[in-house]
Amino acid sequence: MRLLDQINHENDIREIAPEDYPRLADEIRNFLLDKVSQTGGHLGANLGVVELTMALHLCMEFPGDQLVFDVGHQSYTHKILTGRKDGFDTLRQLDGMSGFPKGSESPCDAFDTGHSSTSISAALGIVEAARIKCTADPTLAMPRVAAVIGDGSMTGGMAYEALDAVSQLKAPLVIVLNDNEMSIGKNVGGFSKAMNRIRVGKSYNELKSDVESALMTIPGVGPKVAKSIKRSKDSVKNLLVPGMFFEEMGITYIGPVDGHNVEEMVSTFERAFRLNKPIIVHVKTKKGKGYLPAERHPERFHGIGPFDRVTGEPTQARYKMFTDVFAKTMLSLGEKYPELVAVSAAMIRGTGLRAFKKAYPDRTYDVGIAEQHAVTFAAGLAKQGIIPVVAIYSSFLQRAYDQILHDVCLQHLHVIFAIDRSGLVGGDGETHQGIYDTAYLDEMPGLTVLSPRCGAELAAMLEYAVTIEGPIAIKYPKGSALDVPGRVIAPIEQGRSEYISHRTEKKGKGKHITIVSVGAMAAEAETASRILEREDSVRVSLINARFIKPLDETMLCAATKESDLLVILEEAVQHGSYGEAVAYQLQKHGVSTPFMHICIEEEIVQHGTVSSLRTRLGLDVDSVVSRIRKELKK
């Protein structure tokens, strides 16, 4: 019988014998490989934290105790240990199990996460809320609260803001620093472990406190002796104990601890929780642990689609993606423009900048998970005549809203924002859907915003972006960038949209409509137009918006005069959208042509494949055709 079969509810792991912990870890890894190879998901990080999560579950009781995961893509083992292993067949699928912690999915998920460097702040808030409640009602017991934060997340400034607050409040919070061999000092061996056992032991802490208190009561010399002893103690700790940065903030540092030794971690966590004060436990893990392809290529297996478990190779056909076009174009632009540089926030591979970095290492900057710094750093470069291309995912760039406004746009600096994953992204769910960028970019003064309908147009827009002045943003989706053979990309002209087809010259009694599509929604618009022309005898003109900002008011007004219906089709939330901007301008000019806006009307979109989400949201071809037919009947 599998040990996993004994785990069907939270806290069931407590019934597993300690000698069986290694076997359970192996079963969990095999389970994850079986499931993620079928559905896709975040694999490397989850393989690395199996024992770490087991140890925390052995020290904590759910759902009363609170465990907060930073980013959340390493929570798969937590889901298994809280009775959700049956949900992995629908992992990241529409109406299925989320790949991230989700309070609506289980009360054992303390906080919904999806972005970096937030766990310490959230966990601190949870601790303080518990303290307030326990003060009001002394019969209540304080829960154990832990935050698991990866070393990559520690590059985000928000983590340090939170650490500062933790030291001020002296909150009883255990912060687990999951170091997967990418940063922080080397393990100093058995001496460090012995020092940690002494430093976190009850007798040591009580003795230290008693001695210092006694010395302070001796008139005259007492305080000086205490201060001298403290200086000597701190000097020894600086030499022998890593993590003095945390110690100086008043947060006790423990580690490094072997992140694949369950019993060692259980012992450490138990002592840390008993201290009832801020603790950092530095745990060393290996990303991709137990699966050779993931160990060798941890970045490639960070987030992956379905793959062959034996070879590690993808099992789905791979098409040319917009990211691939961006990567190739950046290489050619780098050769042509020596002043061009690339800036990324810990996403060199994800944004397609690996080849550029290899060719131009001195012109490529990975600033870590620090989007705010990335944007202002780029502003400083631009101020001195360099042309920075800031490549960041849509949902991550919104973390730098103020920097885009204050540091780039108000100074009208030539910074190019290459915004990948704009629109629906699929399996990562609501925290990653890039459907809000139009809204937050449209209000930026002097910012030009473009969206390409295909890969060739993205390349043309990037070339155009280098040559103009001022800030410019190009937003493109995660999907394939299949170009139509033989179709010529018209030159990019500032603020001008493009007619893909113009049907006013056709004779006939059928109605004439104009569909304006934004970005890659052009494919749906073209398919829908063919169906309407063939089955409904409707003449359809197609316009590729190209420029979200500024609007091509001239073309839009001309299109409304010759159409019975103007349709705007975009993959963005309604509020602050391109369609809303068009509606405002038409009203401003007194245009009375019927207007229809097909977009995302609800703001929160869950996980699922892009095609299933478009169907759910009414953005697929069949839905577009149906909605236009209903509107034409009115």
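**Exercise 1.** At what angle do α15 and helix α17 pack, and how far apart are their axes? Classify the arrangement and describe the contact.

*Solution.* The model is predicted. Helix α17 covers residues 401-409, and its angle with α15 is about 10 degrees. The two axes lie 9 Å apart. Angles under 35 degrees count as roughly parallel, so α15 is roughly parallel to α17. On the α15 side, the contact is made by Gln 372, Val 375, Thr 376 and Ala 379. On the α17 side, Gln 403, Ile 404, Asp 407 and Val 408 take part. By type, the residues of this contact are 4 nonpolar, 3 polar and 1 charged.

**Exercise 2.** In what order do the strands of the open sheet of 7 strands stand, and which strands are at the edges?

*Solution.* Reading across the sheet gives β7-β6-β8-β9-β11-β10-β15, and the pairing is mixed. β7 (364-366) and β15 (547-549) each have a single partner strand, so one side of each lacks a neighbour in the sheet. These two are therefore the edge strands. On average, neighbouring strands are turned by 20 degrees against each other, direction ignored.

**Exercise 3.** In which sense do strands β6 and β8 pair, parallel or antiparallel, and over how many bridges?

*Solution.* β6 spans residues 340-344 and β8 spans residues 387-393. Their pairing is parallel, over 5 bridges. Within it, Ser 344 stands opposite Ala 391 in β8.

Note on methods: Residues are numbered from 1 along each chain as its sequence is written. This is a predicted model: local features need pLDDT of at least 70, side-chain atom pairs count only at pLDDT 80 or more; totals for chains, interfaces and linings use all residues. Side-chain values use heavy atoms; hydrogens and water are left out. Two strands pair if DSSP finds at least two bridges between them. Helices (H or I, at least four residues) and strands (E, at least two) are DSSP runs, numbered from the N terminus. Axes are lines fitted to C-alpha atoms, for helices over the stretch in contact, and angles run from 0 to 180 degrees between N-to-C directions. Angles under 35 degrees count as roughly parallel, over 145 as roughly antiparallel, 65 to 115 as roughly perpendicular and the rest as oblique. Contact means heavy atoms within 4.5 Å. Ala, Val, Leu, Ile, Met, Phe, Trp, Tyr, Cys and Pro count as nonpolar, Asp, Glu, Lys and Arg as charged, and the others, Gly among them, as polar.
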